[in-house]
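The sequence and structure come first.

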Amino acid sequence: MQDWNLDERQRNSLKYFIDHATDWRRRAEADGRRRVSTILQRNTHAIALVKTNPERYKTALDLGCGTGELVMDLARLGVKSYGIDYSEKMIELAIEKAERLKLSARCTFAVDSVMDHEFVNQRFDVVTAFGFIEYLRPEELPAFFAKCRQLVNDGGMLLLGSRNRLFNVLSLNQFTKAEIGAGTINTLLQEAVDLVAAESFADFVNIAINDTTATGVLNEYPQTDVAVAGYQYTPSELIRLLDQASFKITAVSPVHFHALVPAIARENAELHAQFSNTIHEQYRGEYRLVPQSSTYILYAE
Ligand SMILES: C[S@@+](CC[C@H](N)C(=O)[O-])C[C@H]1O[C@@H](n2cnc3c(N)ncnc32)[C@H](O)[C@@H]1O
């Protein structure tokens, strides 16, 4: 661990993800029928992708795999699946569960920092990073996407999740105040309008790639339900970086859709879950619902 290239914020995150591994296991195993689980919604994307074409997607790598639930879900579908995470406690729980469920033959886990790990000639049909890039330093992203480019097989797919900075416009809470304070709200609003008004997602990708507006990184956000600081990105910021790494971006999907502003969603969790899970089931890949979603997934090949 000592020679991993982590800054202080990342070392704090690592400590958090070691100390809270069992909480993450509980979150990752959440029963999505009763409440909204961002993790289950995210994982469904990778599972559905493999199911659409099991012949094409035979190997998978999950970056920042936490307690390994997605790796195991994909292994159950017959995919040879790999997971990597720098929290040894997460990986300990993952290995123990894979053994218990007799999935070890198709699941391999490694403890390492993704940016420091050397993947020697390893390529995968599906590469996922869900709830992961939020913990990289923003300046690490170009190298991270270059690394992903090396890891995804020809004809394979990168599924990239991110906490959605655009949602700060419509959440109408402390996050919105933080963006107003930083003078970034207009840029975010403009992107939300561009996204919803685009004639197609491909149209929006073109706008994003040619956009030269820099939103700038916000270093301090109000506390979320994860007690470590993570960065947030808009779809267009990540589309530009993926494009620069020679990815073709084919879709963006809403994850954890909010029909009710967070203050009311908290008061009526059941109604919030009904809206959010319905949108998740019926509008997968609907880019126009992304501004109202606290997370999104980009598909890149
Ligand atoms: C928010 S959790 C998400 C876990 C899982 N992907 C999910 O969707 O539930 C972030 C995970 O990324 C891991 N992580 C963060 N930075 C990392 C790094 N540089 N290298 C490896 N793992 C990292 C953490 O240990 C943690 O398990």
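## Ligand shell

In the counts below, Ala, Val, Leu, Ile, Met, Phe, Trp, Tyr, Cys and Pro are nonpolar, Asp, Glu, Lys and Arg are charged, and the others, Gly among them, are polar. The model is predicted. By these classes the shell around the ligand has 9 nonpolar, 5 polar and 3 charged residues. There are 17 residues around the ligand, and Arg-42, Gly-64, Asp-85, Val-114 and Phe-130 come nearest.

The side chain of Arg-42 places an N or O atom 2.9 Å from an oxygen atom of the ligand. Of the 590 Å² of accessible area that the ligand has on its own, the protein covers 96%.

## Ser-13

Ser-13 belongs to helix α1 (residues 8–19). Its relative accessible area is 2%, so Ser-13 is buried. Beyond neighbours within four places in sequence, Ser-13 is in contact with Tyr-86, Tyr-135, Val-228 and Ala-229.

## Salt bridges

The structure holds 16 salt bridges. One of them joins Glu-69 and Arg-25, with the closest N and O atoms 2.7 Å apart. This pair connects helix α4 (residues 69–76), which holds Glu-69, to helix α2 (residues 21–28), which holds Arg-25, across 44 residues.

Glu-286 is buried at 16% relative accessible area, whereas Arg-288 is partly exposed at 42%.

Conventions: Residues are numbered from 1 along each chain as its sequence is written. This is a predicted model: local features need pLDDT of at least 70, side-chain atom pairs count only at pLDDT 80 or more; totals for chains, interfaces and linings use all residues. Side-chain values use heavy atoms; hydrogens and water are left out. A residue is near a molecule or strand if one of its heavy atoms lies within 4 Å of it. A polar contact is a pair of N or O atoms within 3.5 Å; within protein, one must be able to donate a hydrogen and the other to accept it, and residues adjacent in sequence count only if both atoms are side-chain atoms. Accessible areas come from the Shrake-Rupley method with a 1.4 Å probe; for residues, only the protein chains shown count as cover. Helices (H or I, at least four residues) and strands (E, at least two) are DSSP runs, numbered from the N terminus. Buried means under 20% relative accessible area, exposed over 50%, partly exposed in between (1.4 Å probe, protein chains only). Contact means heavy atoms within 4.5 Å. A salt bridge is a side-chain nitrogen of Lys or Arg within 4 Å of a carboxyl oxygen of Asp or Glu.
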